[in-house]
Amino acid sequence: KIYEPEVHSDRRKWRMRSVSVDLNNDASLVIDIPDALCERDKVKFTVHTKTTLSSFQKPEFSVPRQHEDFIWLHDTIVETEEYAGFIIPPAPPKPDFEGPREKMHKLGEGESSMTKEEYAKMKQELEAEYLAVFKKTVQVHEVFLQRLSSHPMFRKDRNFQIFLEYDQDLSVRRKNAKEMFGGFFKNMVKSADEVLISGVKEVDEFFEQEKNFLLDYSIKIKDATAKAEKMTRSHKNVADDYNHISGALNNTAADNNTAFKNMCVLQKVEDRMASDQELKLTELLRYYTRDIQAAKDLLYRRARALADYENSNKALDKARLKGKDVAQAEENQKQCLQKFDKLSESGKKELTSFKARRVVAFRKNLIEMTELEIKHAKNSVSLLQGSIEILKSN
Amino acid sequence: MHECKCKRSLAGFSSVLFVVLSLVKVFLSQSPEAACLSAEDISPSSNGPRDDDPDDLFAGVDGGSVSGQSRPQSGRVRPLAGPDEEENRDTFDIQISVSDPEKVGDGMNAYMVYKVTTKTSLSIFSRDEVCVKRRFSDFLGLYSKLASKYMHMGYIVPPAPEKSIVGMTKVKVGKEDLSSVEFVEKRRSALERYLLRTVKHPALLKDPDVLQFLESSELPRAVSTQALSGAGILRMVNKAADAVNKMTIKMNESDAWFEEKQQQFENLDVQLRKLHASVESLVCHRKELSVNTASFAKSAAMLGNSEDHTALSRALSQLAEVEEKIDQLHQDQSYADFYLISELLGDYVRLITAVKGVFDQRMKAWAKWQDAQVMLQRKREAEAKLQYANKPDKLQQATDEIREWEGKVQQGERDFEQISKNIRREVGRFEKDRVKDFRVVIIKYLESLVHTQQQLIKYWEAFLPEAKAIA
């Protein structure tokens with residue numbers, strides 16, 4: 001993706017355009033977020049859709065959406081009973097501009113006490129940080145929509161279509177939905193899943209393995225994400241120190257040698273690329289922590305269906321003993337079994353494709369990260385050797 | 001060596017290079033315009049000789065023997081070349097190393113003893129190779145002697161390393177932990193640099209106290225070094241600065257060179273201190289980063305163990321290993337090297353203080369001269385008065401006093417001119433040395449960075465097929 005930032009004179013407005021160079025596999029429904037505008041606390045995403053499906057009114061259209069609209073969409077899908085057997089793509093996290101905002105505050109406060117160069121440098125850093133946060137949040141919101149559009153069932157979801165197409169403000173719908181569901185289901189899932197999932201007496205080998213794997217892996221990946229985040233933050237501190245040092249030097253040195261100046265600029269560019277690339281690893285881990293949770297949620301729903309089925313068996317036995325309401329109990333039991341089988345069948349498919357997806361994503365990111373590291377290191381070697389030559393010849 | 005792990009940080013590394021190159025920019029420029037850190041106040045003309053042409057270093061100095069100026073005598077037979085050639089000689093026929101720190105005694109009376117080895121072909125030394133044992137207070141004692149002898153003449157005497165109560169106490173108490181080992185190593189290295197700088201100075205090299213320090217097996221214990229730390233001496237000497245500030249007549253600087261240079265050094269002082277503080281903060285943050293990276297590597301290994309896809313699991317474990325290896329490498333590398341740069345900056349912060357002290361000494365000399373002139377004037381006025389009062393014996397006394405003060409005025413003027421000359425020469429030498437010092441350290445650092453990056457490439461290239469093998 002190519003990002004072109006555009007900063008308005010009022011520093012609190014930031015816009016970023018992106019040109020997607022990714023190839024979407026299925027041309028029948030292509031979604032991307034080409035544009036995002038950040039104004040004070042709110043981010044407005046432009047959701048752009050190109051489709052050949054007849055269920056949509058137009059072949060190409062764009063709508064403005066807020067982060068809350070994405071959450072609404074995610075929640076309605078989670079609440080939909082039909083989708084119980086699917087892994088629901090995790091909701092994108094709220095855009096977090098806390099870091100850049102702090103910096104902007106510092107910049108505003110310290111403006112009078114800084115030299116022109118220091119101020120310009122800090123402003124540059126600030127813009128870069130905003131850009132980084134932007135990239136992340138656009139990417140994660142985009143991926144959410146693309147997961148939906150590439151899933152055979154979700155792409156047909158009515159609310160998804162509304163989200164993509166409805167050219168009015170969604171906030172009215174959002175309020176209604178909240179009143180209806182109140183997030184009850186979601187909360188239940190969160191608190192009970194561990195216990196229920198591990199309590200299941202699993203007959204199916206596949207699910208037994210998946211259960212053990214997911215429970216353990218979710219802990220490990222959460223930990224790895226936290227450590228990666230800490231590492232990234234330390235990294236930023238170190239890079240900040242370097243920037244302060246070089247800024248001070250730059251202010252004072254009379255520049256006789258343009259070659260040095262060029263090299264310093266190059267280094268700065270590499271610096272940015274390197275930190276972007278490191279975020280790749282952290283971002284990958286963050287995303288899959290959420291995705292693993294979504295997979296666990298599926299297991300939870302299946303476990304609940306199993307519990308329901310077992311209860312219905314008990315009820316049927318009781319009914320048979322008592323000789324009362326047997327037909328009803330039989331019907332109930334049949335339905336529970338159906339539901340459980342359906343969940344198991346689609347769950348198996350989902351979990352298998354989930355593993356494949358995870359492996360592909362890790363592979364892609366690890367390869368890209370490694371190739372970038374090698375590239376940076378090779379660049380650095382040639383730059384360093386050039387500098388050494390110059391110094392030795394002086 | 002303890003397990004230091006630090007994230008191989010490309011961002012960090014690239015920024016390092018950026019910093020280093022900027023350092024290079026500042027410190028390698030030979031011309032005064034570049035060396036001068038404030039672009040203002042460069043007057044193209046000054047009364048005295050110019051120092052911008054390194055070959056012309058001694059253009060303003062009277063040729064031949066000038067009192068106080070000395071040249072290192074080479075062991076080889078050499079025609080007595082002009083001063084330039086001697087000073088510009090790259091190879092210096094003396095090597096000094098400080099090594100083998102040894103703890104002597106126990107408890108709070110314990111102290112460290114260092115072996116000082118001098119290898120030289122210079123004839124002023126009695127032997128080719130000498131080894132002596134010295135303790136820290138001996139170094140301080142040497143510095144205090146040299147400062148009191150030479151500073152008032154305008155010589156830049158390299159300051160000794162700082163005392164450190166905390167550091168030493170740990171060592172005395174016998175803590176064998178990492179920080180006391182580091183402390184001793186830091187001190188050993190600082191003492192070595194101190195001696196090397198001292199003998200690089202042509203006058204100090206010939207000084208009998210220096211020779212005694214390097215050569216004699218027994219050295220009289222330096223007394224009152226509690227009071228006489230390097231900084232303490234400088235503070236004492238720099239009391240001249242207070243005297244200067246209290247001067248009622250502001251010095252009429254007829255030589256713009258001195259004004260320029262003083263301003264330069266003021267600026268350099270501020271910049272170096274800021275820089276030194278930033279570099280120290282960096283070293284601290286890097287430690288943090290290494291700790292966090294090590295824990296990430298462990299976490300990644302655990303994740304790899306948990307991963308049920310075999311190829312991905314293997315790749316994740318490999319990733320964790322690579323990260324550890326790289327961090328070890330980078331930590332060894334950049335921590336030690338920043339140590340070098342941080343220490344170098346610290347040395348120069350202290351050296352600049354010495355330089356400023358020398359300028360203040362010149363002002364003191366000027367003040368003394370001016371005072372003598374004022375005194376002379378008074379005596380003359382007194383004599384004139386006595387002429388009319390007709391008191392022959394008092395008149396004689398007055399005449400004698402006039403003669404005495406005329407002598408003092410002349411001496412004052414001579415001293416002032418001498419110290420001015422010395423300072424010009426010293427500053428020129430200092431700036432050359434500074435440039436060389438920084439260049440050497442920076443080249444060393446860059447070469448080690450190249451090595452690190454080449455290792456990095458090796459590790460990542462080994463990992464790439466593992467990542468690609470995930471299927």
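## A charge over a ring

Which residue lies over the face of B:Y111, and at what distance from the ring centre? The residue is B:R135, placed 3.7 Å from the centre of that ring. Please keep in mind as you look around that this is a predicted model.

## Chain A in outline

If you read along the sequence, the pattern is β-β-β-β-β-α-α-α-α-α-α-α-α-α.

Chain A has 394 residues, and buried residues make up 48% of them. How do its contacts reach along the sequence? Among contacts between residues at least 6 apart in sequence, 70% join residues at least 24 apart.

## Two helices side by side in chain A

Now find helix 2 (residues 98-110) and helix 3 (residues 116-149) of chain A. Two packed helices are described by the angle between their axes and the distance between the axes. Here the angle is about 165°, and the axes of helix 2 and helix 3 of chain A are 9 Å apart. Angles over 145 degrees count as roughly antiparallel, and helix 2 and helix 3 of chain A are therefore roughly antiparallel to each other. The crossing in which helix 2 of chain A passes helix 3 of chain A is left-handed.

Which residues meet where these helices pack? From helix 2 of chain A come A:G99, A:P100, A:K103, A:M104, A:K106 and A:L107. On the side of helix 3 of chain A they meet A:Y119, A:M122, A:K123, A:E125, A:L126, A:E129, A:Y130 and A:V133. An α-helix has 3.6 residues a turn, so residues three or four places apart point the same way.

Take a moment with A:Y130, which has its place in helix 3 of chain A. Is A:Y130 buried or exposed? Its relative accessibility is 5%, so A:Y130 counts as buried. A:Y130 and A:V30 are 100 residues apart along the chain, and 27 Å separates their C-alpha atoms.

## Aromatic rings in chain B

Over all chains, the structure holds 23 aromatic pairs. One of them is formed by B:F265 and B:F359, a tilted pair with 6.1 Å centre to centre and 50° between the planes. This pair links distant parts of the chain, 94 residues apart: B:F265 belongs to helix 11 (residues 256-306) of chain B, and B:F359 to helix 12 (residues 310-389) of chain B.

Both B:F265 and B:F359 are buried. They also belong to one aromatic cluster, together with B:W257, B:F258, B:Y348 and B:F430.

## A buried glutamate

Helix 12 of chain B also holds B:E343. With a relative accessible area of 17%, B:E343 is buried. What does B:E343 contact, leaving aside its neighbours within four places in sequence? The contacts are B:K186, B:R193 and B:F338.

Terms used. Residues numbered from 1 in each chain as written. Chains lettered and ligands numbered in written order. Predicted model: local features only at pLDDT ≥ 70, side-chain atom pairs only at ≥ 80, totals over all residues. Heavy atoms only, no water. Phe/Tyr/Trp six-rings, centres within 6.5 Å; stacked < 30°, edge-to-face > 60°. Helix = DSSP H or I, 4+ residues; strand = E, 2+ residues; numbered from the N terminus. Buried < 20%, exposed > 50% of the residue type's maximum accessible area, 1.4 Å probe, protein only. Lys NZ or Arg CZ within 6 Å of the ring centre and 35° of its normal. Axes fitted to C-alpha atoms, helices over the stretch in contact; angles between N-to-C directions. Parallel < 35°, antiparallel > 145°, perpendicular 65-115°, else oblique. Left-handed = near helix turned anticlockwise from the far one by under 90°. Contact = heavy atoms within 4.5 Å.
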